[in-house]
Amino acid sequence: MGIPLEPASAIPERRHGEEDEFRTLTKEMDARRRGEGALEGVKRVVAVHSGKGGVGKTFLAVNVAYALAERGFEVGILDADVDCPNVPKFLGMRERLYVDERKRFVPVRHRGVKVVSMGLTRDDEGEPFLIRGPAKHRVAIDLLMGSDWGALDFLLVDLPPGTADVPMSLFEFGDVEGILYVTTPQKEALIDTRKSIRMGRTFALAQIGLVENMSGPIFGRDRALALAQDEGIPYLGSIPLDERILSMNERGDIAFTDVSLEPVAAPIVDAVARPRETGR
Ligand SMILES: Nc1ncnc2c1ncn2[C@@H]1O[C@H](COP(=O)(O)OP(=O)(O)OP(=O)(O)O)[C@@H](O)[C@H]1O
Ligand SMILES: [Mg+2]
């Protein structure tokens with residue numbers, strides 16, 4: 001016979017203590033940053049999320065950002081994946097972030113879009129960044145609040161997967177207005193994405209909609225439609241699993257600006273750009 005598991009509520013006092021300490025530290029830091037005008041010029045913070053890894057969050061965040069920039073908006077991208085930052089890889093960037101005299105990160109301008117990523121702070125071609133717990137949250141929040149974004153219409157936040165850690169901290173403290181969800185059609189991805197949709201609801205953030213990525217004969221098609229309907233959020237269509245998309249991603253090109261993807265990209269970009277009542 002096995003040993004019964006403790007109910008979650010009975011698990012570690014100490015963990016709750018650490019959580020409280022993190023909240024206090026973060027709130028203090030947040031208040032200080034706000035006092036210094038962090039995010040003052042940023043009109044809308046939009047996060048791209050999924051409970052599941054590898055479904056196309058970074059692909060979508062980067063592509064929506066550049067599509068918005070093409071429409072004339074002033075746009076930034078925060079790569080909130082602290083230990084495995086992929087945004088610079090998708091953009092073929094090798095520049096370095098630097099810090100100004102007020103100790104703020106100066107975003108790197110890449111084809112008109114302002115980018116902040118841990119991948120721009122170090123040689124990121126294989127050396128692991130070993131970091132855990134509150135330190136990781138602090139880095140993510142510091143990259144958001146401690147960067148000199150200037151005036152932005154949109155700040156796209158590329159999140160790591162899951163319903164804990166960094167996504168949770170940014171939803172709580174990051175002035176996020178709305179969330180764009182992405183899933184692939186596989187069963188596990190749909191299950192984990194449902195969790196992230198419900199997480200977004202818990203934090204009362206605007207639910208921009210759900211995109212199905214990597215659709216086609218291999219993983220299936222329009223299986224995310226039922227999930228969107230079931231959760232009562234807009235379904236924004238499907239993007240095919242396509243080797244041309246992969247090679248554009250790997251070359252640092254923006255697939256959404258390719259005319260053949262225009263019909264797929266437009267409803268997604270429209271949904272992000274649409275004015276919402278639930279502002280910050
Ligand atoms: N529609 C597509 N067709 C072909 N390849 C794609 C498509 N969408 C994404 N990819 C590729 O799939 C891989 C995973 O995408 P991506 O890195 O954006 O996922 P992610 O959700 O951000 O992953 P992680 O959870 O690790 O952050 C990348 O190699 C990307 O170029
Ligand atoms: Mg990613």
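**Exercise 1. Find which residue of β9 is the bridge partner of V182, and describe how the two strands run.**

Solution. V182 has V211 as its bridge partner in β9. Strand β9 covers residues 206-215, and six bridges join β9 to β8 in a parallel run. Two strands count as paired if DSSP finds at least two bridges between them. Strands (E, at least two residues) and helices (H or I, at least four) are DSSP runs, numbered from the N terminus.

The model is predicted: local features need pLDDT of at least 70 and side-chain atom pairs pLDDT 80 or more, while totals for chains, interfaces and linings use all residues. Residues are numbered from 1 along each chain as its sequence is written, and chains are lettered from A and ligands numbered from 1 in the order in which they are written.

**Exercise 2. State how many residues of β8 are buried and which way they point.**

Solution. A residue is buried if 20 or more other C-beta atoms lie within 10 Å of its own, exposed if 12 or fewer, and partly exposed in between, with C-beta atoms placed from the backbone. In β8 (residues 178-183), six of six residues are buried. G178, L180 and V182 point one way, while I179, Y181 and T183 point the other way. Across the protein, buried residues make up 42% of the 280 residues.

**Exercise 3. Name the residues that touch the most other members of the largest nonpolar core, then list what V157 touches.**

Solution. A nonpolar core is a set of buried Ala, Val, Leu, Ile, Met, Phe, Trp, Tyr and Cys residues joined through C-beta atoms within 7 Å. The largest one has 73 residues, and V64, A65, L156, V157, L170 and L180 touch the most other members. Helix α2 (residues 57-70) gives the largest share of this core, 10 residues. Leaving out residues up to four places away in sequence, V157 touches V45, V46, A47, V48, L78, A80, L170 and V176; contact requires C-beta atoms, placed from the backbone, within 7 Å.

Key:
Two residues are in contact if their C-beta atoms, placed from the backbone, lie within 7 Å.
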